[in-house]
Amino acid sequence: MTHRELLLFWSTAGFQILLCVLVYLRNLQRRLPFFTIYSTFLLTCMIGLALFYHHFGFRSVASYNAYWLTAGLIVTVRGFAIAELCRYELRAYQGIWALTWRILILFVVFFVGHASIDAWGQAGGISIYGVTIERDIAISSIVILLALLLIRNYYGLSLEPPYKWIAAGMFLVAIVGVMNDTILRNILTGRLIFWLFGRYASSWPGLRSQVESANDLWGTIRVSGDLISISMWCYALRKPLPAPAKDPVLLPAEVYRELSPAVNLRLRAFNDRLMGLLKS
């Protein structure tokens, strides 16, 4: 490893250790158990991969399989952590949450299915499947977190600061993941150059070294994004968590039954107006 890689490795390990300490110190496992598992996985998987690389070598088959196994576990647990964050913030509103979790499932099924279709038949084996599925899950995470923000703003619900920082960190991880698996990684690793120059690109003087340098640069950007996200979570947990907010007092069912016909009538009138505008 170079000095820069060692600095990033130990900085990431230090922040992950601090995050785990703060998570268990604040008893976050009682409120967000999947985020607690996710935080623990980040540290254990990083240590496990480092041991694998040291024992089997960075380019060995065992290290390759271990990397994609840990990547799949981390992405899966992260998805559960995001869904759990949505549930925690909307748990008091059973009707909203009942609609939200169905939308979340549709998002996950759509993006995972799209990733499988997109990766089908492409060269690269498990790596292309892993990168494609990771990309689409990151996209679904972005959509889900934005939907959570829009739902809370629409209904005038306040998001507690610690959970707002956790959601912002998750959003940043997803953004960096999408950039890594689609745009920047493809460009910086030289796929665009190979596409432009075809088979002559392999003999282009100094091209391979430039591709490797660009790949290292993007690796630094990706790890830096992870560091920023982890530091945001540490900042969110720097103080004891506030007491859980009390469930809002909802109106009696009789009131909803009286208001629902009027609301439905307004919605129907609004729909008819939109249809008239579309036909005109």
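What you're looking at is a predicted model, in which local features need pLDDT of at least 70 and side-chain atom pairs count only at pLDDT 80 or more, while totals for chains, interfaces and linings use all residues. Residues are numbered from 1 along each chain as its sequence is written, and side-chain values use heavy atoms, with hydrogens and water left out.

Confidence is highest in H2, at 90, and lowest in helix H8 (residues 191-197), at a mean of 48. Over residues 199-203 pLDDT stays under 50, and the model has 5 contacts beyond four places in sequence for that stretch; contact means heavy atoms within 4.5 Å.

Now for the whole protein. Of its 280 residues, 34% count as buried, meaning under 20% relative accessible area, with exposed over 50% and partly exposed in between (1.4 Å probe, protein chains only). Among contacts with a separation of 6 or more, 73% are between residues 24 or more positions apart.

Let's zoom in on one pair of helices. Helix H3 (residues 61-90) packs against helix H6 (residues 161-181) at an angle of about 145 degrees, their axes 11 Å apart. Here axes are lines fitted to C-alpha atoms, for helices over the stretch in contact, and angles run from 0 to 180 degrees between N-to-C directions. On the H3 side the contact is made by Arg78, Ala81, Ile82, Leu85, Tyr88 and Glu89, and on the H6 side by Tyr163, Ile166, Ala167, Met170 and Val173. By class, that's 9 nonpolar, no polar and 2 charged residues. In this count Ala, Val, Leu, Ile, Met, Phe, Trp, Tyr, Cys and Pro are nonpolar, Asp, Glu, Lys and Arg are charged, and the others, Gly among them, are polar.

Last stop: Tyr53, which sits in helix H2 (residues 33-56). Tyr53 counts as partly exposed because its relative accessibility is 23%. Leaving out residues up to four places away in sequence, Tyr53 touches Phe58, Ser63 and Tyr67. The C-alpha atoms of Tyr53 and Ala66 are separated by 9.4 Å, with the two residues 13 apart along the chain.

Note on methods. Helix = DSSP H or I, 4+ residues; strand = E, 2+ residues; numbered from the N terminus. pLDDT = per-residue confidence, 0-100.
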